[in-house]
Amino acid sequence: MTQHFDALETRSADQRAAEQLDALNALLPAHGMDSLTDLADLAKLPVLRKSDLSQRQKDTPPFGGLPVSNLAHIFQSPGPIYEPGGVSHDWWRMGRFLHAAGFGTTDIVQNCFGYHLTPAGMIFENGARAVGAVVLPAGTGQTELQVQAAHDVGVTAYAGTPDYLKVILEKADEMGVRLGILKAAVSGGALFPSLREWYADRGISCLQCYATADVGHIAYETQAMEGMIIDEGVIAEIVTPGTGDPVADGEVGEVLVTSINPDYPLVRFATGDLSAMMPGQSPCGRTNARIKGWMGRADQTTKIKGMFVRPEQVAALVAKHAEIDRARVVASRDGEMDVMTVRIETAADDAARFESSIVETLKLKGRVELVPPGALPRDGLVIEDARSYD
């Protein structure tokens with residue numbers, strides 16, 4: 001039987017929802033928000049986007065007036081966006097993932113995430129400490145020195161981007177150095193099946209997690225290898241891109257995360273990533289909901305005829321007409337000219353009635369194509385770029 005990181009991982013759905021609601025309600029007043037009666041009421045709260053956070057931080061540096069306590073570090077991500085960091089036990093919640101990946105007190109972890117300004121290095125170091133592992137703070141680059149250090153100190157585990165471990169191992173082969181790395185915890189890039197298999201052929205178990213600089217750990221793989229289990233310290237929602245409206249279970253949409261971190265709570269933070277909820281529970285025994293993992297970017301902003309069209313504009317078009325179920329903008333080419341087609345899912349049969357709203361919200365004229373309810377793909381796309389750039 002799997003030994004879990006803590007008892008939170010095996011809670012019933014009702015217990016988890018009740019305890020998360022209580023924890024969230026304790027944090028909402030600091031945001032000037034009223035308590036909720038049900039987690040479903042989250043959908044009524046505003047979405048916090050990176051652009052909003054960046055602007056708030058410019059207006060009220062460094063954290064945009066959001067509640068921050070027990071501050072130990074300040075990090076900077078592109079934007080720039082500033083994130084606080086703490087050093088208390090499992091502050092970023094990464095220990096849960098490292099435990100699932102088999103990291104523990106007998107391991108020496110070569111941490112190849114960056115330590116300079118960005119938080120990734122400290123996020124994984126904090127997690128390694130939470131599981132009692134020793135850390136070699138390697139950062140990135142200087143591969144020959146990385147190989148030598150890994151050999152000399154007896155590194156058994158790797159944390160970093162999916163592809164850099166391969167670089168280290170190939171350099172070790174070139175140098176004639178044998179390394180003892182048997183497990184890897186990766187993030188920050190795509191772990192392709194071929195690369196995971198390459199590691200497995202060398203006896204290395206490689207699992208990945210989903211995390212961001214803003215909220216820390218969000219979801220993680222376990223040895224069951226069926227989707228990613230949502231972390232116990234966050235509430236995840238899947239919504240139609242450009243909105244805060246939840247999609248039906250199983251549909252692809254943008255990931256919103258509410259972090260139940262009393263030191264830095266974020267409410268309905270838009271990650272900009274696409275994913276979908278999975279049915280059922282993981283065979284590993286953990287009971288929280290699962291997502292399918294990273295499925296693309298939700299920010300599908302596309303330039304058409306020299307003008308940017310954004311998901312928020314498509315959402316505004318849908319909101320203007322009660323008879324529109326959903327809409328999808330398709331960018332294509334006719335010779336050397338851009339063409340914008342707006343596919344509208346509706347029971348209405350008069351395309352002309354939507355033309356003025358399209359110009360008003362999208363700022364462009366376009367073709368209108370009416371399709372019956374349920375006809376548009378549930379793939380998370382509201383703007384599709386069908387142009388060829390070859």
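Modeller: Happy to! First a term: accessible areas come from the Shrake-Rupley method with a 1.4 Å probe, and for residues only the protein chains shown count as cover. This is a predicted model, so local features need pLDDT of at least 70 and side-chain atom pairs count only at pLDDT 80 or more, while totals for chains, interfaces and linings use all residues. Residues are numbered from 1 along each chain as its sequence is written, and side-chain values use heavy atoms, with hydrogens and water left out.

Colleague: Good. How much accessible surface does the chain have, then?

Modeller: About 17,700 Å², and carbon and sulfur atoms account for 53% of that.

Colleague: And what share of the residues is buried?

Modeller: Of the 390 residues, 51% are buried. Buried means under 20% relative accessible area, exposed means over 50%, and partly exposed lies in between (1.4 Å probe, protein chains only).

Colleague: How many helices and strands are there?

Modeller: Nine helices and 20 strands. Helices (H or I, at least four residues) and strands (E, at least two) are DSSP runs, numbered from the N terminus.

Colleague: What about the overall dimensions?

Modeller: The radius of gyration is 23 Å, close to the 21 Å that the globule rule gives for 390 residues, so the chain is as compact as a globular protein of that length. That radius is taken over C-alpha atoms, and the rule is 2.2 Å times the number of residues to the power 0.38. Along the principal axes, the C-alpha atoms fill a box of roughly 70 × 50 × 45 Å.

Colleague: What fraction of the contacts between residues at least 6 apart joins residues at least 24 apart?

Modeller: That comes to 62%, where contact means heavy atoms within 4.5 Å.

Colleague: Let's zoom in. Which residues of helix 8 are buried?

Modeller: In helix 8 (residues 311-320) they are P311, Q313, V314, A315 and L317. They pack against several elements, among them strand 17 (324-334), strand 18 (337-346) and helix 9 (355-362).

Colleague: And helix 4, how many of its residues are buried?

Modeller: Nine of the 11 residues in helix 4 (residues 120-130), which makes it mostly covered. The buried ones include M122, I123, F124 and also E125 and N126. After helix 4 comes G132, with a positive phi near 80°.

Colleague: New topic: where does I204 sit?

Modeller: I204 is in the loop between helix 7 (193-201) and strand 7 (205-212). I204 is buried, at 4% relative accessible area. Leaving out residues up to four places away in sequence, I204 touches L165, L169, I181, L182, K183, A184 and Y199.
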